[in-house]
Amino acid sequence: MLRNASSINDKFGSVRSFTLIGDGISQTIVSIFNPASAWPVPSGMLLVYGCANQQAKLLYSAISTDSESMPQVVKAGDLIGAKRGGQIATLISTCGARTCFDSLDVLGWNGQTFVSLMGSPLSLPAATYAFTQTDTDPALEIEAQGGVVGSIGAGPQRTDKQIWKWNGAQYVKVSSTLAPVEYRIQAVYEGDDAFTAGDFQQAIDWYTRVINDAALKDWLTEIKYPKAHDRDTLTAYARFRLLLIGLLRGDANARDQLDQLTNDYPGGNPVHTTQQMAQAFWNKYQATQDFKAACAVANAYANSGENGQYLIVDDLNLFGYTNRTYTSDDMCPIK
């Protein structure tokens, strides 16, 4: 009947039975689409029926919005190894002009209705999801492989592979592995993360790679951005961060980074302002031996836009809407 009504076809929609609530009686899971919708994946409904007093009873329903795909049933079964009924894994896609974000949910019976068993939402661009058995725990793990946003405005991206495990109450993310760094800006992000975590040696390694690794790609140059100078922008920023680390660690050669900035980026160079920020920081620190006060001076300079030039962060924020947005206070984050 549903096929005749164009609500199920060989690609979308299904009817299946499975014991979901542990009462020994099979429930019926119905996934149907709206034949009038025009999405790459049509909108629709997920319905779960049980049986009571020899009558079908609607136990659960979910209706997608106009901007969402139908809730597709990815898997139904004993996903968590509880042997007291099964669970339903569903997939909903939300699509833009070039990219779909795919959201996975796992539904389980709580005694009254079906509720999400995810500890937090799981949504990735152009994603693929698989349920696997990788350990002796009877619960299945979720392997989530994300893709990238298919727009040049999104900037350079790293795909993300996540593992989610059942902890006895819900599925939680236990690992996230990004694809290897390809672009210089991505190495900067790694350095910044290590700096924030206080892992200065790791930060040094990444910032040094930003400066020296010719194999790293420069995204603005690659896309032929007008007057692109992203390698200089990121090299100068990395040297400033190495200056901060050198002083924080008490390195005798910390000033070498300032001297290199002064030599490489004189007045008239597009990133001369980063040298000026470093100089302002250095002068204040030498006068006061107060790292926080020196940081405040550096951040104020970064926010000044002297001589009608772009703020330093403007050049750092040119790497697409999926990447980070810096403020002037991020330049020297010691408060």
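Which residues do ring pairs link into a cluster?

1. In this predicted model, ring pairs join Phe240, Phe281, Tyr285 and Phe291 into a cluster. A search of the whole structure gives 12 aromatic pairs, one of which is formed by Phe240 and Phe281: their ring centres lie 6.1 Å apart and their planes stand at 85°, and because planes over 60 degrees apart count as edge-to-face, the pair falls into that class.

2. A contact of another kind involves Arg241, whose charged end sits over the ring of Phe195, 4.5 Å from the ring centre.

3. Turning to the overall fold, the protein chain contains 8 helices and 13 strands. Its radius of gyration is 27 Å, well over the 20 Å that the globule rule gives for 335 residues, so the chain is more spread out than a compact globule. Along the principal axes, the C-alpha atoms fill a box of roughly 85 × 40 × 30 Å.

4. Of the 335 residues, 44% count as buried, while the accessible surface of the chain comes to about 16,700 Å², with 50% of that area belonging to carbon and sulfur atoms. Among contacts with a separation of 6 or more, 50% are between residues 24 or more positions apart.

Conventions
Residues numbered from 1 in each chain as written. Predicted model: local features only at pLDDT ≥ 70, side-chain atom pairs only at ≥ 80, totals over all residues. Heavy atoms only, no water. Phe/Tyr/Trp six-rings, centres within 6.5 Å; stacked < 30°, edge-to-face > 60°. Lys NZ or Arg CZ within 6 Å of the ring centre and 35° of its normal. Helix = DSSP H or I, 4+ residues; strand = E, 2+ residues; numbered from the N terminus. Rg over C-alpha atoms; globule rule 2.2 N^0.38 Å. Buried < 20%, exposed > 50% of the residue type's maximum accessible area, 1.4 Å probe, protein only. Contact = heavy atoms within 4.5 Å. Areas by Shrake-Rupley, 256 points an atom, 1.4 Å probe, with all protein chains shown as cover.
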